[in-house]
Amino acid sequence: MNEIRSTVKIVGHTDCGEAICAAGGRISTLSGNATEILEKSGDPQKNAALIGKVAASGHTSVIEHISFNLAFTNVSVLVEQFMIEFRLASFTVKSRRYVDFSDAGFFTPEIADAQEREKFIRVMRERFDDYARLTELGIPKEDARFVLPYCFYSNFLCTLNGRELYHVLETMLFGRGAAYPEIKKLGEELLAQASEIAPGVFGGFLNCRHTVCDVPVAVPTGIADARTDVKQARTELLAATPDPEQIVARTALIETGLCSASEIERLIADKEIVKQILASVVESDRPRALENVSFTFRINGLSLSGITHLVRHRMQSVQIPPLKSGRPEAYIIPPSVQANAQALEIYTQAFRRAADYHRSAPEEVRAYALLSGNTLDVVTTMNARELLLFLRLRTCNRAQWEIRAYAVEMLMGLRAAAPLLFSHYGPSCCVMDHCPEGRLTCGKIQEVRQKFRGDYR
């Protein structure tokens, strides 16, 4: 495995660039239609000056009109985890479920001591050897990947607008990303390219005052090391909007514009009417009424790989502990490994050795040395519309088995809390009355429908 330099490249951007950002700054105060104002925004120097003035006054929405396409090449998966948490961006990542990563290679962070550097490289290569041995034993790639260290190379595409890129750069250069030289260097590389493309937006970036605050919550004395290995439920419903079913039904009726307030209250007092309204909302093409109720879950013991499945859903508020707080001794064991004695020995030894190394490794490399199967507890809040999409995709038989198990348990908790609403939730074939997977369908539609509908409808 040869070491390759991690890079990020802006491979595309809005062709009218700063002209449309400047037009956005002018349109609210000048006469003329949108096209005319854009046509008058042809002077790059005037555009740059205007963008800087408007953005400096706090009206940074104008820089949302320029978008950037980024290609991250051979960066550590730690960088991927960092980037994918920016929810106002789009990502497409090379799948670890289907692609063989035996020879993917890995990023080696800056380690001043030569012996420590060689030790890091040797230990990481051992984990790749474990991955190869597991796949040779017939363990699926999506399960063998759990022994890959969090320094393995990731390649992904990202698209975001100028305002979000500004936020990303602040966090890379002055926030939590700056703690990792790899991320900071990528931020510097990205800023140089963005400044050349859009000097009005990014040219004065380093001269601005950046107020990124990534100070962790202060933990009371004696609590920080009180974590135990006590068995916990996979998911816990921590909070929910009170009376969610009535709120959704009431909102849907208000949206029709046909009912008075008193008539709405009379209707939603009838459980059967509420049930009919909720079914109609879930089945509609525009279920906006679902956005008015939210649910907060604690998700316990989710693998680092599983976290990437969760955070791909953009419309949520998700809190993920920093990787440096990860416990190397906490990890999941896939059923396929559990059922193979030889594979289980390789797998558990991989985590034991990784934990031993983690405890003695320099602090700056410990996050890179975590394995993809190490676990964290996370918290997420989603509204009922985002939950509809999340549960449609993640309770499906096509979903990866770990995130599917969590999704099914979340659905059961939601049905216990609001059965009239969440009895209509489940895999796409239950919600949509057809399977959208085409030739990749599991072919078990009736069985799936019986499982998710039988006890609830």
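## Close-up views of a predicted model

View 1. Setting aside neighbours within four places in sequence, L411 is in contact (heavy atoms within 4.5 Å) with L391, F422, Y425, G426 and F452. The model is predicted: local features need pLDDT of at least 70, side-chain atom pairs count only at pLDDT 80 or more, and totals for chains, interfaces and linings use all residues. Residues are numbered from 1 along each chain as its sequence is written, and side-chain values use heavy atoms, with hydrogens and water left out. L411 belongs to helix α18, residues 401-417; helices (H or I, at least four residues) and strands (E, at least two) are DSSP runs numbered from the N terminus. The relative accessible area of L411 is 0%, so this residue is buried. The term buried means under 20% relative accessible area, exposed means over 50%, and partly exposed lies in between (1.4 Å probe, protein chains only).

**View 2. T14 in the loop between β1 and α1.** T14 sits in the loop that runs between β1 (7-13) and α1 (17-26). With residues up to four places away in sequence not counted, T14 touches H65, I66 and S67. T14 is buried, at a relative accessible area of 19%. F128 is 114 residues from T14 in sequence, and their C-alpha atoms are 40 Å apart.

View 3. Most residues other than glycine have a negative phi. N74, which is not a glycine, has a positive phi near 50 degrees. N74 lies in strand β2, residues 67-76, and is buried, with a relative accessible area of 16%. D243 is likewise not a glycine and has a positive phi of about 50 degrees. The loop between β5 (235-240) and α10 (244-256) holds D243. D243 is exposed, with a relative accessible area of 56%.

View 4. The structure holds zero disulfides, a disulfide being a pair of cysteine sulfur atoms within 2.5 Å. C158 is in no disulfide, and the nearest cysteine sulfur, in C21, is 17 Å away. C158 is buried, at a relative accessible area of 1%. For C430, the closest cysteine sulfur is that of C429 at 4.3 Å, so the two are too far apart for a bond. C430 is also buried, with a relative accessible area of 4%.

**View 5. The whole chain, for orientation.** The chain contains 21 helices and eight strands. Its radius of gyration (taken over C-alpha atoms) is 25 Å, close to the 23 Å that the globule rule gives for 457 residues, so the chain is as compact as a globular protein of that length. That rule is 2.2 Å times the number of residues to the power 0.38. Along the principal axes, the C-alpha atoms fill a box of roughly 75 × 65 × 55 Å. Buried residues account for 48% of the 457 residues. Of contacts between residues at least 6 apart in sequence, 78% join residues at least 24 apart.
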